[in-house]
Amino acid sequence: MVTDTADVQSQSKESHHHRKDSVSISMPSSPFRSDEFQTPKSVAFNLSEKESSTMISDSTAGGIPMHAKSHSQPIPKGFVVERTVENINFIHHPSRASRFRDRRFDSFKTWSGKLERQLTNLRGGRPQEVGPEEETKKSEMETNLPVDRYFDALEGPELDTLRASEQILLPEDRTWPFLLRFPVSSFGICLGVSSQAILWKTLATSESTKFLHITPLINLVLWFIAVALVVVIFSVYLMKVIFYFEAVRREYYHPIRVNFFFAPWIALLFLAMGVPPSITKTLPGALWYVIMTPIFCFELKLYGQWMSGGQRRLSKVANPSNHLAIVGNFVGALLGASMGLKEGPLFFFAVGLAHYTVLFVTLYQRLPTNETLPKELHPVFFLFVAAPSVASMAWARLQGSFDYGARIAYFICLFLYFSLAVRINFFRGFKFSLAWWAYTFPMTGAAIATIRYSNEVTNVVTRILAVTLSSISSLVVTALLVTTILHAFVLRDLFLNDIAIAISEKRPKHHHHRKWLHHLRHGSSDHKDIENYLKFSPEGKYVEACVDPRSTDNEESIENKL
């Protein structure tokens, strides 16, 4: 028996040298000798010669006949042994572990992961294989989404909620990388805080508010906080541009988000205007040209799309957030005039005035072709106040006095402010988002314009109005700050998965049916599409035969049948 054991050990050693990667699995023996197995032996993978010999000796010592017959049995798919083999291979080959990581976010990376694959090849690693699903996502990311897809797939005043019939490219069951969840609307925080620095600087230096005895220290503290926020948010979003440029590109083509690309440059203009006198009283003229250059480039692109008559024409994509693309002209004109410049500020004031007039009329008309205007009031409507309030101060600086032109713009601003304030109850019930910060600086702008007006027309009414609007603005910003901290550190839902950038290019099944039902439900005046649907679609003929289009009682049952 000892000789047989030695022979077995020698055979095991030879087999181990020839098949080093072999797998030994303990299987139940023949059903005729099943009583001889009391405890199954463990599984061994890539064991050393010494350990292999020890295990075989233990098996032999346990009284198991070496000549016992064992019938091979199938291992079910996904058996734990396969996972164990993979884990052990990762230990011996760490470079292989990268091939099993989650690659579903690669399509949103810069160059769609091409640079990462090239670096892997240069290191001598195994070329990364790209599956058909990743190739499909890659092809979708390389094409610009038409604006209609955003309207069809998303809903809400900010187009950030996915419709029930839509699917997204990224997984919904896990948290995305932070940079993918960091939206461009985060720059709204910079607008809110930096405008507060200007407000408290104006309160401390204006003649009409000297009775308040405001210390310049408040302006100094707020300005440094605003600078820190701008630096942090600029740095984080710059990292997003570097690592996830495809996500940034999708935000740029979003009909709402594109307007927030003006926000960082407007925030820099606010910082220049709110700089404390203790730091500097004059700014170099070159600074104005540096900040206004990207604003001018963005305007050439966006305003051209508004006029071109294509899918991004103003009558289709007009929404209150477009004021962010307009107000930069007036803020730039105000800063340039304060620095002693003349022609440049006047140029931007003229461009802003022309496009603001067109935008104002378009938004007031609420054209049937417009699909982004909220059905009810929303905090975004406070952006109506932004342009006329800043325009009044800019024109006063250009003319040297708060004349009739500046007063007309100020009175328009005041009327719009009051018309929204008396309907404050309509603004309840909306989900908080970072974009709300961008809606606070118009209130601050109205308060600053009121202080400037009270310097020209000084009486009890103008002073009370200036203090009231300034108090409301500061309280709103404070409330938003508390709410933001609460969502960031307590509820931890400030940066949720950004669904708006992950919609698919492909329309869902029965998309046209749902669009027809949407027109039917909301009473759209576009009867031509409904007529064509009923005329050429077989499902449409079925609906036409079964239901009166003027009735909406059976809409849900129709949708289910389709």
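Accessible areas come from the Shrake-Rupley method with a 1.4 Å probe, and for residues only the protein chains shown count as cover. This is a predicted model, in which local features need pLDDT of at least 70 and side-chain atom pairs count only at pLDDT 80 or more, while totals for chains, interfaces and linings use all residues. Residues are numbered from 1 along each chain as its sequence is written, and side-chain values use heavy atoms, with hydrogens and water left out.

**Figure 1. Surface and fold of the chain.** The chain exposes about 30300 Å², 60% of it supplied by carbon and sulfur atoms. Of its 562 residues, 44% are buried (under 20% relative accessible area, 1.4 Å probe, protein chains only). The chain has 22 helices and four strands (DSSP runs, H or I of at least four residues and E of at least two, numbered from the N terminus).

**Figure 2. The largest cavity.** Five cavities of 30 Å³ or more are found in the whole structure. A cavity is a set of points on a 1 Å grid over the protein atoms alone where a 1.4 Å probe fits but cannot get out; lining residues have an atom within 4 Å of a point. The largest cavity holds about 140 Å³ of space, the volume being that filled by probe spheres set on the points.

**Figure 3. Lining of the largest cavity.** Among the 16 lining residues, Phe270, Val390, Met393, Gly445 and Ile448 lie nearest the centre. At least two lining residues come from each of H7 (187-205), H10 (263-273), H13 (323-338), H15 (386-399) and H17 (441-456). H17 gives the largest share, six residues.

How values were computed:
On a 1 Å grid over the protein atoms alone, a cavity is a set of points where a 1.4 Å probe fits but cannot get out, and a pocket is an open set with protein on both sides within 12 Å along at least five of seven lines; lining residues have an atom within 4 Å of a point. Buried means under 20% relative accessible area, exposed over 50%, partly exposed in between (1.4 Å probe, protein chains only).
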